[in-house]
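Take a look at the structure below. This report walks through selected features of it, from single residue pairs to whole chains.

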Amino acid sequence: MSKIRINLEEYEVKMQPAKPLKIRPVLADGAVPFECGNSFGHFFSARTREGVWIYFKGHTYFVEPVKKAAAQGSGTDVDQAHSGEIISPMPGKIFRLLVKDGQSVKKGEDILILEAMKMEHALQATRDGKVKLENLQEGQLVQVGNKLASIIAD
Amino acid sequence: MPKISSVLIANRGEICIRIAKTLKRLGIKVYGLESALDVGAAHLLHVDVAITLTGDTVQKSYLDIDQIVGLCKKHGIDAVHPGYGFLSENEDFAQALADAGIIFIGPGAEAIRRMGSKAEAKEIMIAAKVPTLPGYQGVEQSDEVLQAEAAKIGFPLLIKASAGGGGKGMRIVSVLDQFAGALKAARSEAMKSFGDDRVILEKYLVNPRHIEFQIFGDSKGNVIHLGERECSIQRRHQKIIEESPSPFIDDNLRTLMGKAAVDCGKALNYLNAGTVEFIVSEDRQFYFLEVNTRLQVEHPITEMVTGLDLVEWQIRVAQGEQLPLKQNQVSSRGHAIECRLYAEDPENSFLPSIGKLLYYMEPTAPFLRIDSGVNEHSEIGIYFDPMIAKVIVSGFDRAEAISRMIWALENYPVLGVKTNAAFLLAVLRHEAFRAGATQTHFIQDHLKNWKDTPGEEVQLLCAQILNNKAISAESARTSGQAGMMHHNSLSSMRPTPWNNLSGFRIGASS
C-alpha cells in the first residue's frame, strides 16, 4: 500500500498479486516496456528533486510522494479559501486591475487579469469582502505563488 | 522585380525553422534573429546567419521595427519573411521595409491596413458581394436606434463591446423582449472592463463552424484558392485541431465558398498568401469573418493535401513570378489533420505550463510531419506562445488520418511540462468528433470538465517508478546498466558517441 500524488490528485495504490507489474530494461531511446494486467506499452520517465515525470501513451503524469505534497499543495488551497488570499497561479504580467484597493467585492467577481504568453486569465474573489491589493501595478511581473490580493471579510 | 537571394526571418520558434527549411532548399541565404529573451533557441540552429537583437522585452526586440529594418539595411538583406504573429500583420513594418527598398514577403501595407480594420473589411466584402454576417456597428448608440437595428438583424443576436474581447460585455439575445435588459448589462460590463460602453450588434449563429480558405495572389492580378481548412476545434478562442478537407462542407458549398474567397482576394488586389475566414451556420450558410494577411499556423494541412510548398510560393510571387498553378490545376488528395501540442494544463483552464524539457523525442513515420520549435533542454518560458509543436498527419481518408494522429500523440514523449496531448487524444477519440460534429463549441459541449484520471494499472506504475528503486535495479540486473532510472534525463543514456566525449572541442589542440 502506498499513497502518492499524480497530477495533484491523491491516490492510494494497492499492490495486487493478481496483476503483477512487469518492467523490462530500458530500450535504446529511453523507453521502458511494461506490462500490468491488460495494460501494456512503453513509458518514459525523468526524475526531479520533487518527484518524477512520467509519459505513457500521450498522458503526462507528475508523481510526487504524498507527505511532502500535502504540506505544500492542499495546504495552500485550504488557506487560500479561508483567508481570502488571491495567489498567482502562473508566472506572468498583471494585465489589468479591475478593482481598487479597499473596494467591496462579491465572491466570484473578477479582481484582476493576468497575462502570460498572449493569454489572459481572470482571478476572482474567493469570498465577499473588501479587497486589499498587494501594491500592484498594471504591467508588473509576478511569479507563481505570489500573493496578489486578499479579501477581508466584512 | 529582383530575384531574392537573402531573407531575414523576423520570427522565432517552429515557424522560423519551417520557413528556413524551404529557403535553404531554394538556395537562399537565411538570416535569423537572436534575442536576449531567447538565448540558445532552437531556431538558431536552422539559419545561416544569426543577427543579434538588442532589447530585453519582446517589444524592444522581435517587435522593434526600426531595429529590424536597420539590421536588414546593414546586412544588405533582400527580403523579410515575417512568419505569423509578431510583425506579420503590422502595416508600419511592411511600409518601413518598402520604403527601405526591402521586399516584405506578404501582401503589403495597404492590404494589411484595409483588412486590419473590421469595419472597412466588411464594407469591402459587401461591395464584392461576399456574404457577411448581418449586423450593426454604427456610431449612433441610442437605445432606440440599437433596438431598431436589432429587429432588422433578427434573433438570436449578439451584443458585443466595441472595444471588447474575451467574452466581456457580450450578451446573446434570443428574443426582442430581452433586448433592452441585455443591452443595459452589456454596456455596464463593457464600461467596467474597457472604459467604453459602445456596442456592436451581430447575428448570432447557433453551433457555427469556423472554415477558412487559403488564397494566393500574384502581381499579375491572378488570385486562386487552395481549398479549405476546418478550424472549429478551439479552446480559449484559439484553434487546437485543424483539418482539410472539412468534414462538413460538400463539393457544392466548397465551390461557392472558394469562389467567394477568390472574389475577396480580387477585391483587395491581393498579393501573396492570405486566408479568408468564414463562419458557417448549421444550415450551410456562410459569412465572411476576416482575412488573415499572413501565412497561417495551420498552413501545413493544405500542403499535405495539395502537395505544394506554400513558403516556396510566397517567395516566388514576392519576386514577381506568376502563380505556379491555375485554379483548375490545383488538386487535393486524402485527408490531413493538424494538432497543436501545447505546454499547458488542460485540467487547469489550459493555463501555460512552464519549465525545462527534461526529455523530448519526436515520433517519425511516412505520413507524419512535425513542425516544432524546441529540442531537449529547451525552456518553455513566459515570453512566448507555449506551443511545443504542430503534429500533422495525412491519411487516405478522415478515419485513417484520425487513427494515425492518435498513434503520433501516443508516441511523442515530452517530459518536464504538462502538455495537452491527452486532451487532444480525448477529442480525437470522441464519437462526436469522429462523426464530424466539429463546431466551435465542441470543447464546451463535450469536454468541459475533462479530467485525465489514471487507471489502476497506471497508478501502480506511477507508484512503482516513484518509490521503488528496484525497478531500475531490476532493469540494471538484466541489462547490466546500473541506476539508469536515476538520471534526471533519460537522454543521457541514449547510445550516442557524443555522450562519451569528455573535454572534446573542435579545433582545440587537446
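In this predicted model, Glu212(B) and Arg229(B) form a salt bridge. Their closest N and O atoms are 2.8 Å apart. The two partners sit in distant parts of the chain. Glu212(B) belongs to strand β10 of chain B, residues 209–217. Arg229(B) belongs to strand β11 of chain B, residues 223–235. Over all chains, the whole structure has 37 salt bridges.

**Between the chains**

How many salt bridges link chain A and chain B? The count is zero. The two chains do touch, however: 59 residues of chain A are in contact with 64 residues of chain B. Together the chains bury about 5400 Å² between them. Of that area, 67% is on carbon and sulfur atoms.

**Helix pairs in chain B**

| Helix pair | Residues | Angle | Axis distance |
|---|---|---|---|
| α11(B) and α12(B) | 398–410 and 421–429 | about 160° | 10 Å |
| α3(B) and α4(B) | 91–99 and 109–116 | about 170° | 8 Å |
| α1(B) and α10(B) | 13–25 and 310–318 | roughly 60° | within 9 Å |

Start with α11(B) and α12(B). Angles over 145 degrees count as roughly antiparallel. The angle here is about 160°, so α11(B) and α12(B) are roughly antiparallel to each other. Their crossing is left-handed. On the α11(B) side, the contact uses Ile402(B), Met405(B), Ile406(B), Leu409(B) and Glu410(B). On the α12(B) side, Ala421(B), Leu424(B), Leu425(B), Leu428(B) and Arg429(B) take part. Sorted by class, this contact has eight nonpolar residues, two charged residues and no polar ones.

Next come α3(B) and α4(B). Their angle is about 170°, and these helices are therefore roughly antiparallel to each other. Glu91(B), Ala94(B) and Gln95(B) of α3(B) meet Ala109(B), Ile112(B) and Arg113(B) of α4(B). By class, the contact of α3(B) with α4(B) has three nonpolar, one polar and two charged residues.

Now turn to α1(B) and α10(B). Their axes cross at roughly 60°. That makes α1(B) oblique to α10(B). The crossing of α1(B) with α10(B) is right-handed. From α1(B), the contact residues are Arg18(B), Ile19(B), Thr22(B), Leu23(B) and Arg25(B). From α10(B), they are Leu310(B), Val311(B), Glu312(B) and Ile315(B). The contact of α1(B) with α10(B) divides into five nonpolar, one polar and three charged residues.

**Backbone details in the loops**

Where are the cis peptide bonds described here? One joins Phe155(B) and Pro156(B), with omega at about 0°. Pro156(B) lies in the loop between α6 (143–153) and β7 (157–161) of chain B. Another cis peptide bond joins Ser244(B) and Pro245(B), and its omega is about -5°. Pro245(B) is found in the loop between β12 (238–244) and α8 (251–267) of chain B.

Arg236(B) lies in the loop between β11 and β12 of chain B.

Conventions:
Residues numbered from 1 in each chain as written. Chains lettered and ligands numbered in written order. Predicted model: local features only at pLDDT ≥ 70, side-chain atom pairs only at ≥ 80, totals over all residues. Heavy atoms only, no water. Axes fitted to C-alpha atoms, helices over the stretch in contact; angles between N-to-C directions. Helix = DSSP H or I, 4+ residues; strand = E, 2+ residues; numbered from the N terminus. Parallel < 35°, antiparallel > 145°, perpendicular 65-115°, else oblique. Left-handed = near helix turned anticlockwise from the far one by under 90°. Contact = heavy atoms within 4.5 Å. Nonpolar A, V, L, I, M, F, W, Y, C, P; charged D, E, K, R; others polar. Buried area = accessible area lost by both parts, 1.4 Å probe. Salt bridge = Lys/Arg side-chain N within 4 Å of Asp/Glu carboxyl O.
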